[in-house]
Amino acid sequence: MLELFPLLLTLTLALLLRRTLIALGAGVLCGALILNDFAPVDSVGYLGRGIQGLFYQDGAWQSWHLNVLAAMLLLGIMTSLLGRSGAVAEFGVWLSHRIRDGRQARLGVVGLGFLVFIDGIFSCLAVGSVGRPLAQHYGISANRLAYMVDTTASPLCSLVPVASWGPYVMALLAGIAFLPVSPLEAFIGIAAVNFYAIGALLLVLLGSWLNWGWSGEPEPTIDTAADDLTHASPWPLFLPLAALLISSVAFTLYSGSRLASEPGLGAMLTAADIGAAMRDASALAVLVAMVGSLWRGRGSLLGADLLVGLKSMALAVGILLLTWMIGQLIKDLGAGARIANLAREWLSADYMLAGIFGLCAVMAFATGTSWGTFAIMIPLCAEVAHSLQPELLLPALAAVMAGSVFGDHCSPISDTSILSATASGAEVQGHVTSQLPFALMAAIAALLAFQALNLGLATAAALGLMALVATALLWLWQRRLKAAETRGSGD
C-alpha cells in the first residue's frame, strides 16, 4: 500500500491546507523518495530528469507540453490587455445604451458572460464590472448579479475548448495512456455530458428570461437617455475574442488536413496538432489585443500589461507542471493499477458516475478550486473508470469536471466566488448563500442524469432528464417564493 501514500498525502493536504500547489508538491516529493528507497540524492536526480523530460526527452522537444504552456501564458496576457486597456469597460458603456428593461438587462449580463469565455477569473471581473451599473439601474440585486456572473464563468469555461481551461484540461487528458480519442475529441465528448455545467447555464438563462428564482425584484421599463458616451464601441473586446475563436478552428482544421491520412472531419480532428493550433490562435488574439491597446494610447504601459498577464497564470502553470510530474509518479509507482484493483473490489460499477461526481464535489468545495481537483482526480478517476467500465471513461471524466465545478461553485473560499461577489458589489457570504439553491438544483439534476447514464440511458435522454428536473426544481422554487410573498403581503 506504500505506492498509494503520495496520492493520499496529496489529497489530505489539499483538503486541510486548501493549497493545491503545496499538496501536489508534497505528493511529488514523497513519491520520488518512495520510488528511490528514500535516497535523497537519487530522488533529486529523479525529479530533475522528470522535469527535463516534460520538455525534452529522447532527443526531441515535447511539443505538446511546450505548446500548452505557451497557450496558457498567451491567454493570460490577452486577459490582462483587454481588462487594463479599457476594452471591457467600453463594451459596458456600449451595452448600457442598448438596454430598455429588466429582462434585457439580465439577459445582457448573462450574454456578456457567454461572450467573455476565455477565462473564469477574467469573466468574473469583466462581467461584474460591466453588469454592476446595469444592475443598479434596473433593480437587480447585488447577490443576483453575482450569481449570474459566477454561473457564466466556470461552468461555461468548462465546456469551451478554446477557453483557458481547454489547454489545461486537454494536457491532463493527454497524460491518460488509454484515452481512446484525441484530447480535443475527448474534451468535446466530456463537455457534451457535463450535466452540472449545462444545467447551471440552463437555470441562469431561464431565470433571467422569466424573472424566476428571486423575490423583491420588480420588472422596470426605463428608457436610457443618450449622452456623449454613446459612441463607445464593442469592437475592442469583440475583435480579439473573434480572432481567438475563428483562428483556433481554422488552425485546427488546417493542421488536421495536412496530417490526416484519410478524409473526413473526424480524421482531421484526430490528426490535428491541437497544442500548436491553440498556441497560434492565442498568439494571434494577443496581437489583435495589443494593436487595440496601442490604438488606445497604452504603448508606454504595454510592458506592464504583458507582465501582469504572465503573473496571473503563474499558479496555474505551477499546478500543471506538478500534475504532469505526479502523473508520471503514479505510473512509475504502479499506484494507478493498485487503485483500479481496489475499485474493482469495493466500488460498484452501477454507481460509479454518481460516486465520482459526489467525491469531486466534496473535494472542490473543501479546497475551493476546480482546477486543483481536476489535477488530482482526472488521472485517478480515469484509472477507476478504465478498470470498472471502460466504455464510460469519458462520462466518468465528465463527472470529475461536473463535480469539481459544482463544489467550486458553492465554496466560499473559491476565487471565482470571491471575485464574483466583489466585482458585483455583494458580500461573499451573501452571494454563496443566495447562489446555493440554484447550484443544488443543477447538482440534483446532474446527479440523476449521471446515474441514468450509468444504468444505460442514452446520452440524449439523460440530457433531457437533466433539463426537465432542473426546470421543475426552478419552477417549484419560484412557487415557494410567490407563496412566501403572498403570506407576507397578507400579514
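Predicted model: local features only at pLDDT ≥ 70, side-chain atom pairs only at ≥ 80, totals over all residues.
Helices here are DSSP runs of H or I with at least four residues, strands are runs of E with at least two, and both are numbered from the N terminus. Residues are numbered from 1 along each chain as its sequence is written, and side-chain values use heavy atoms, with hydrogens and water left out.

Stay with cysteine 360. Its relative accessible area is 0%, so cysteine 360 is buried. Buried means under 20% relative accessible area, exposed means over 50%, and partly exposed lies in between, with a 1.4 Å probe and protein chains only. Contact means heavy atoms within 4.5 Å. Leaving aside neighbours within four places in sequence, cysteine 360 is in contact with Thr373, Met377, Val400, Gly403 and Ser404. Aspartate 408 is 48 residues away in sequence, and its C-alpha is 9.7 Å from that of cysteine 360.

Now consider the cysteines together. A disulfide is a pair of cysteine sulfur atoms within 2.5 Å. A search of the whole structure finds zero of them. Cysteine 410 is in no disulfide, and the nearest cysteine sulfur, in cysteine 360, is 14 Å away. Cysteine 410 has 7% relative accessibility and therefore counts as buried.

Next comes helix α10. Nine of its ten residues are buried, so α10 is largely enclosed by the rest of the structure. Among the buried ones are Trp165, Tyr168 and Leu173. Tyr168 and Leu173 are also among the residues with the most contacts inside the largest nonpolar core, which has 146 residues. A nonpolar core is a set of buried Ala, Val, Leu, Ile, Met, Phe, Trp, Tyr and Cys residues joined through side-chain atoms within 4.5 Å. In soluble globular proteins, nonpolar side chains tend to be buried together. Beyond four places in sequence, the contacts of tyrosine 168 include Met72, Ala316, Trp371 and Phe374.

Several elements give two or more residues to its lining, including α4 (63-84), α10 (165-174) and α20 (370-388). Helix α17 gives the most, with nine residues. The pocket is lined by 33 residues, and Gly175, Trp324, Gly327, Gln328 and Lys331 lie nearest its centre. On a 1 Å grid over the protein atoms alone, a cavity is a set of points where a 1.4 Å probe fits but cannot get out, while a pocket is an open set with protein on both sides within 12 Å along at least five of seven lines; lining residues have an atom within 4 Å of a point.

Histidine 431 lies in α23, residues 428-454. Histidine 431 is buried, with a relative accessible area of 0%. Valine 291, in α15 (residues 274-295), is exposed at 55% relative accessibility.
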